Amino acid sequence: MASQNQPRGAFIVLEGADRAGKSTQCQMLVEHLTAKGVAAELWRFPDRTTAVGKMINSYLTSQSEIDDAAVHLLFSANRWEKREELLRKLHAGTTLVVDRYAYSGVAFTAAKGLPGLDRAWCMAPDAGLPAPDAVFFLSLTVEAAEARGGYGEERYEKAEFQRKVLDQFAAMRSSSWRMIDASQPIDAMQRQLREQAAVVVARCQRGTEAVRKL
Ligand code: NYM
Ligand code: MG
């Protein structure tokens with residue numbers, strides 16, 4: 001059988017509620033991979049630099065009000081508009097460490113508990129997007145998050161809402177997610193992430209894994 005195996009970069013997503021330490025861990029992981037000679041980039045969703053991302057930013061910072069269904073679709077559109085570039089990078093051999101993805105999209109909208117906007121509805125617009133090779137879920141209680149100096153000023157950054165977000169994440173969590181205890185010291189968490197990411201990166205470099213779809 002002819003081999004169609006193509007080495008590629010790994011698509012790694014970090015998820016979790018606000019204040020779990022995702023941004024710090026993503027940054028450290030990319031620096032580590034780069035130092036190891038692995039081509040790697042840090043991405044984040046929402047990507048606030050695009051036209052759609054600017055609308056999302058204005059919503060999150062309460063400079064604008066947008067219908068809940070409509071803003072959900074904007075978050076999804078923000079992933080779709082990056083799809084081609086994402087696939088291009090992976091196939092060019094670059095590993096992408098991505099701070100939030102479609103799982104945040106579903107969890108934050110479904111947490112609103114609005115009629116019609118249940119998890120199934122929330123997942124629908126993301127169907128067909130590239131699926132990550134690994135999802136690391138940084139798990140932290142709301143109490144521990146609050147003890148870290150509290151939440152910020154953005155929409156959704158309230159303890160009561162974050163509890164609902166965590167419930168939504170728990171309800172959609174798949175057995176393939178790797179749970180990382182985010183109450184650990186930063187370096188311990190990073191060690192765990194590096195070990196597990198190395199396996200995923202190696203698997204994708206061997207070229208035995210096609211990019212799947214959500
Ligand atoms: N968020 C993020 C959503 O509501 N839907 C999405 O699809 C994504 C990717 O945006 N509170 C929310 C979660 C966060 C907020 O993200 C901004 P960050 O990582 O704090 O910049
Ligand atoms: Mg945030």
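View 1. Glu157 is partly exposed, since 16 other C-beta atoms lie within 10 Å. A residue is buried if 20 or more other C-beta atoms lie within 10 Å of its own, exposed if 12 or fewer, and partly exposed in between, with C-beta atoms placed from the backbone. The loop that holds Glu157 runs between α7 (142–147) and α8. Helices (H or I, at least four residues) and strands (E, at least two) are DSSP runs, numbered from the N terminus. Apart from neighbours within four places in sequence, Glu157 is in contact with Asp18, Tyr151 and Gly152; two residues are in contact if their C-beta atoms, placed from the backbone, lie within 7 Å. Glu157 and Arg100 are separated by 57 residues in sequence and by 15 Å in space, C-alpha to C-alpha.

The model is predicted: local features need pLDDT of at least 70, side-chain atom pairs count only at pLDDT 80 or more, and totals for chains, interfaces and linings use all residues. Residues are numbered from 1 along each chain as its sequence is written, while chains are lettered from A and ligands numbered from 1 in the order in which they are written.

**View 2. The whole chain, for orientation.** The chain has nine helices and five strands. Along the sequence they follow the pattern β-α-β-α-α-α-β-α-α-β-α-α-β-α. The radius of gyration is 17 Å, close to the 17 Å that the globule rule gives for 214 residues, so the chain is as compact as a globular protein of that length. This radius is taken over C-alpha atoms, and the globule rule is 2.2 Å times the number of residues to the power 0.38. Taken along the principal axes, the box filled by the C-alpha atoms is roughly 50 × 35 × 30 Å. Of the 214 residues, 36% count as buried. Among contacts between residues at least 6 apart in sequence, 80% join residues at least 24 apart.

**View 3. Helix α5 and what covers it.** Nine of the nine residues of α5 are buried, so this helix is largely enclosed by the rest of the structure. They are Ala102, Tyr103, Ser104, Gly105, Val106, Ala107, Phe108, Thr109 and Ala110. The cover over these residues includes β1 (11–15), α3, α6 (119–123), β4 (134–139) and α8 (159–172).

**View 4. The packing of α3 against α5.** Helix α3 (residues 68–80) and helix α5 (residues 102–110) pack at an angle of about 175°, and their axes are 10 Å apart. That makes α3 roughly antiparallel to α5. Axes are lines fitted to C-alpha atoms, for helices over the stretch in contact, and angles run from 0 to 180 degrees between N-to-C directions. Angles under 35 degrees count as roughly parallel, over 145 as roughly antiparallel, 65 to 115 as roughly perpendicular and the rest as oblique. On the α3 side the contact is made by Asp68, His72, Phe75, Ser76 and Arg79, and on the α5 side by Ala102, Gly105 and Thr109. By class, this contact has two nonpolar, four polar and two charged residues. Ala, Val, Leu, Ile, Met, Phe, Trp, Tyr, Cys and Pro count as nonpolar, Asp, Glu, Lys and Arg as charged, and the others, Gly among them, as polar.

**View 5. The shell around ligand 1.** Ligand 1 is surrounded by Asp18, Phe45, Pro46, Leu60, Phe75, Asp99, Arg100, Ser104, Gly105, Phe108 and Tyr156. A residue is near the ligand if its C-beta atom, placed from the backbone, lies within 6 Å of it. Helix α5 gives the largest share of this shell, three residues. By class, the shell has six nonpolar, two polar and three charged residues.

**View 6. Phe169 in helix α8.** Phe169 is found in α8 and counts as buried, with 22 C-beta neighbours inside 10 Å. Not counting residues up to four places away in sequence, Phe169 touches Tyr103, Ala107 and Phe137. Phe137 is 32 residues from Phe169 in sequence and 9.2 Å from it in space, C-alpha to C-alpha.

View 7. Most residues other than glycine have a negative phi, and most peptide bonds are trans. The peptide bond from Phe45 to Pro46 is cis, with omega near 0°; Pro46 is in the loop between β2 (40–44) and α2 (51–60). Ser62, not a glycine, has a positive phi of about 60°. Ser62 lies in the loop between α2 and α3 and is exposed, with 10 other C-beta atoms within 10 Å. Arg100, also not a glycine, has a positive phi of about 75°. Arg100 sits in the loop between β3 (95–99) and α5 and is buried, with 22 C-beta neighbours inside 10 Å.
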